[in-house]
Amino acid sequence: MSLGKLQQNFNSAGVSIFLQTYWGRRYQALPHLDVKDIRSVDWKALRAAGFEGCVFDKDNTLTAPYVLEVHEPLRQSLEECRSVFDGRLAILSNSAGLTQYDPDGEKAAALERQLNIPVLRHASKKPAGTPEELEAHFNVPAHKLIMVGDRYLTDIVYGNLLGMFTIRPAPFTSEGETTVVKSVRAAEDFFIARWKGKGIRAPDHPLVPSTYEGFQRKP
């Protein structure tokens, strides 16, 4: 395993926030919408509800791990999202754009060229972070933004802590994932299933009612 991947796998902020979540704020790990993949999301309904931009994780949300190209079955939905939100999209990844893993921004720049989506440069791994960098990029309050990512304890906790609407697409491949990532994902799935079984739900969001099924496309 490369040093970059080892650095990426260790997330001290994530461990700290997970412990806080486990012992008292479990609802922060629950997404407002849990879907098979982004094709299940009704972007037009979200735009009509008042949301003004989307922030995406990269690996297993838009691309396979460590791959620059969009996962082909998702391309049409991504382009629809781009159109609906007038191009107001960004990628916030714990790989490309993260100072620790991508100090010169080379990976972020390559991803931007490939996907034609801005990649936010940032110093803190999700779920750590503050709303200022997002609000400066989009010029709207964080609660008017959507966070889309496959990891409950990074992407979803990050989005919920910042007051965003959170969408969790299931990962579409394990190819390229390290043993550490696979193990952490299994632990996430275990805890989330238990918490859902106890009736824990995502935090309320000011732009939408308590039910979110209207933002999911029917199969």
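This is a predicted model: local features need pLDDT of at least 70, side-chain atom pairs count only at pLDDT 80 or more; totals for chains, interfaces and linings use all residues.
Within H5 itself, the residues Ala108, Ala110, Leu111 and Leu115 are buried. These four cover an arc of only 165 degrees around the axis, and they therefore lie on the same side of H5. The covering over the buried residues of H5 includes H4 and E3, whereas the face that is turned away from the buried side carries Glu106 and Arg113, which are exposed. A further contact involves Lys107, whose charged end sits over the ring of Tyr101, at 5.3 Å from the centre of that ring.

The largest nonpolar core consists of 31 residues, of which Trp43, Leu46, Phe56, Phe85, Ile146, Phe165 and Ile167 touch the most other members. At least two residues of this core come from each of several elements, namely the strands E1 (33-35), E2 (53-56), E3 (89-91), E4 (145-148) and E5 (165-169), together with the helices H3 (43-48), H4 (75-84) and H5 (106-115). Another core, which lies apart from the largest one, has 13 residues, including Leu120, Phe138, Tyr158 and Met164.

Trp43 is buried, because its relative accessible area is 0% and buried means under 20%. When residues up to four places away in sequence are not counted, Trp43 touches Ile38, Cys54, Phe56, Ser77, Glu80, Cys81, Val84, Phe85, Val148 and Arg217. Phe56, one of these contacts, likewise counts as buried, at 0% relative accessibility.

A search of the whole structure for aromatic pairs finds 6 of them. In the pair formed by Trp43 and Phe56, the ring centres are 6.0 Å apart and the planes stand at 65 degrees, so the arrangement is edge-to-face, given that planes over 60 degrees apart are counted in this way. This pair links distant parts of the chain, since Trp43 belongs to helix H3 and Phe56 to strand E2, and the two are 13 residues apart.

The pair of Phe191 and Trp195 has ring centres 5.8 Å apart and planes at 35 degrees, and it is therefore tilted. Phe191 and Trp195 are both buried, and because they are 4 residues apart in helix H8 (residues 179-197), about one helical turn separates them. Elsewhere, ring pairs link Phe51, Phe165, Tyr212 and Phe215 into a cluster; Phe165 is also listed among the residues of the largest nonpolar core that touch the most other members.

Note on methods
Residues are numbered from 1 along each chain as its sequence is written. Side-chain values use heavy atoms; hydrogens and water are left out. A nonpolar core is a set of buried Ala, Val, Leu, Ile, Met, Phe, Trp, Tyr and Cys residues joined through side-chain atoms within 4.5 Å. Buried means under 20% relative accessible area, exposed over 50%, partly exposed in between (1.4 Å probe, protein chains only). Contact means heavy atoms within 4.5 Å. The arc is that of the directions from the helix axis to the C-beta atoms. Rings of Phe, Tyr and Trp (its six-membered ring) pair if their centres lie within 6.5 Å; planes under 30 degrees apart count as stacked, over 60 as edge-to-face and the rest as tilted. A charge sits over a ring if NZ of Lys or CZ of Arg is within 6 Å of the ring centre and within 35 degrees of the ring normal.
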